[in-house]
Amino acid sequence: MMNRYKRAWLFRLAISLALLLIVLAVGSGWYSGGYVMQTGSRVTILGLGNGQGAFVIGEQGAQAALGWSWHRYDPSWRWWFSIAKTPQSSQMLIPLWAPALGLLVQAWWVRPKRLSKGHCVKCGYALAGVAAELCPECGATITHA
Ligand SMILES: [Zn+2]
């Protein structure tokens with residue numbers, strides 16, 4: 001059985017990352033940008049925009065500005081996946097709601113269970129009939145309320 005504290009920590013982490021992605025998904029409707037780097041004769045772009053994360057590999061071309069850049073756009077969002085391939089470049093767009101949804105499913109999966117009376121506070125083991133001072137499942141000290 002997974003430790004309660006670890007579950008609670010994973011729950012908070014998944015919720016926080018999902019909220020961050022939702023904020024980025026909404027915010028990237030107005031602001032778009034990313035990082036452009038040169039890898040050999042190719043250019044790799046990691047970007048955010050229109051509610052999507054973008055991964056582009058292409059030949060060095062018009063987008064010569066390497067490094068970070070940000071632009072403000074008229075708000076627009078695209079909500080679906082897109083993969084585009086031309087002889088010059090490959091582009092993959094991932095809507096940010098997709099990983100956010102994945103994280104929310106994970107959060108639900110590890111959601112902290114309500115602490116029920118007569119169960120170990122650490123691992124949730126049912127302590128009915130246990131007279132010992134330590135939880136037989138995880139060894140935590142039992143506090144008899
Ligand atoms: Zn226990």
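Leucine 127 is found in the segment that follows helix 2. In this predicted model, leucine 127 counts as partly exposed, because 18 other C-beta atoms lie within 10 Å and a residue is buried if that number is 20 or more and exposed if it is 12 or fewer.

**Leucine 127**

- Not counting residues up to four places away in sequence, leucine 127 touches Gly118, His119, Cys120, Cys135 and Ile142.
- Leucine 127 and tryptophan 108 are 19 residues apart in sequence, and their C-alpha atoms are 26 Å apart in space.

**Glutamate 133**

- Glutamate 133 is also placed in the segment after helix 2.
- Glutamate 133 counts as exposed because it has 9 C-beta neighbours inside 10 Å, and a residue with 12 or fewer is classed in that way.
- Once neighbours within four places in sequence are left aside, glutamate 133 is in contact with Thr141 and Ile142.
- Between the C-alpha atoms of glutamate 133 and phenylalanine 55 there is a separation of 56 Å, and the two residues are 78 residues apart along the chain.

**Proline 112**

- The segment after helix 2 contains proline 112.
- Proline 112 has 14 C-beta neighbours inside 10 Å and therefore counts as partly exposed.
- The contacts of proline 112, not counting residues up to four places away in sequence, are Arg4, Arg7, Ala8 and Phe11.

**Helix 1 and helix 2**

- Helix 1 covers residues 4-27 and helix 2 covers residues 97-109; their axes come within 8 Å and cross at roughly 160 degrees.
- Helix 1 is therefore roughly antiparallel to helix 2, since angles over 145 degrees are classed as such.
- The crossing in which helix 1 passes helix 2 is left-handed.
- On the side of helix 1, the residues that meet helix 2 are Phe11, Ala14, Ile15, Leu17, Ala18, Leu21, Ile22 and Ala25.
- Their counterparts in helix 2 are Trp97, Pro99, Ala100, Leu103, Leu104, Gln106 and Ala107.
- By class, this contact of helix 1 with helix 2 has 14 nonpolar residues, 1 polar residue and no charged residues.

**The largest nonpolar core**

- The largest nonpolar core has 7 residues, namely Ala14, Ala18, Leu21, Ala25, Leu96, Ala100 and Leu103.
- At least two residues of this core are supplied by each of helix 1 and helix 2.
- Helix 1 gives the most to this core, with 4 residues.
- Alanine 18, one of the core residues, touches Ala100, Leu103, Leu104 and Ala107 when residues up to four places away in sequence are not counted.

**Asparagine 50**

- Asparagine 50 lies in the loop between strand 2 (42-49) and strand 3 (52-59).
- The phi angle of asparagine 50 is positive, at about 55 degrees, although this residue is not a glycine.
- Asparagine 50 is buried, because 20 other C-beta atoms lie within 10 Å.

Terms used: Residues numbered from 1 in each chain as written. Predicted model: local features only at pLDDT ≥ 70, side-chain atom pairs only at ≥ 80, totals over all residues. Axes fitted to C-alpha atoms, helices over the stretch in contact; angles between N-to-C directions. Parallel < 35°, antiparallel > 145°, perpendicular 65-115°, else oblique. Left-handed = near helix turned anticlockwise from the far one by under 90°. Contact = placed C-beta atoms within 7 Å. Nonpolar A, V, L, I, M, F, W, Y, C, P; charged D, E, K, R; others polar. Core = buried A, V, L, I, M, F, W, Y, C linked by C-beta atoms within 7 Å.
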